[in-house]
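Dear colleague,

Please find the structure below, handed over for your reference.

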Amino acid sequence: MPSPSCLHGSPLTDAGLALLNPALALHPALVALDLGDCMLGDEAINLICGLLPPDGAKSGLKELTLSANPGITPKGWSRLAIAVAHSSQVRVLNLDYNPLGDHVAGMLAVAVASSRTLEVLDLEGTGLTNQSAQTLLDMVENYPTALRSLVLAENSISPELQQQICDLLSEGEEEEEVAGSTVDTQEWGRGREPAAHQRGGSSWMCPSDPSSQMVLMTSGLGDSLLAETEM
């Protein structure tokens, strides 16, 4: 029997999630939830938003997978976008293989621009076009975000636009690395060791993988991210 945090592929439906919701809401260590392909609709989204509390309210989900739930309407996605925008916890959001379209993608762009924590957004195969890509490009270009990975594979988006988004995300990470290196240099100059060295561990500003912040433009993402709970 699958654990409560990983129900991917179960015919759960909104009614089933309603039965599970009290246990999920009270789970002291629930940080990830995989509800992909669970035949969910808008009522389920209302329950899920309760697991994404506003800033400072309480701990909530860090990873949420809602892949392949075509029963969720734009109304449901808009509610989720608002919850993500105000959540101080969520870092990974997988919405792949849902018929989102450009309108919903625009709402998600606003949520990403508002979020201080969202690092990974998977929009593979969600019916997006260059209109969505242009909105996402404007967001990445003009608003500093925590976003590191944006998956746009299997959408009707030109390679040129995808590459522009990729380049901007890469530039943002390079700037963060330079800023971190500058702080370390200044601390050495004052005769103090950087915090990471004071702890006796490796430097907190590790060299990053060049592919760690990018737009994924090819299909076949490999194994889906499975939900886990912190023990």
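T13 is partly exposed, at a relative accessible area of 27%; partly exposed lies between buried (under 20% relative accessible area) and exposed (over 50%), with a 1.4 Å probe and protein chains only. This residue is placed in helix α1, which covers residues 13–26. Although T13 is not a glycine, its phi is positive, at about 65 degrees.

Please note that this is a predicted model, in which local features need pLDDT of at least 70, side-chain atom pairs count only at pLDDT 80 or more, and totals for chains, interfaces and linings use all residues. Residues are numbered from 1 along each chain as its sequence is written, and side-chain values use heavy atoms, with hydrogens and water left out.

A positive phi is also found at E154, a residue other than glycine, with a value near 55 degrees. E154 sits in the loop between β5 (149–151) and α6 (159–189), and its relative accessibility of 45% makes it partly exposed.

As to the overall fold, the protein has seven helices and six strands; these are DSSP runs (helices H or I, at least four residues; strands E, at least two), numbered from the N terminus. In order from the N terminus, the elements are α-β-α-β-α-β-α-β-α-β-α-α-β.

Of the 231 residues in the protein, 42% are buried. Among contacts (heavy atoms within 4.5 Å) between residues at least 6 apart in sequence, 83% join residues at least 24 apart.

Kind regards
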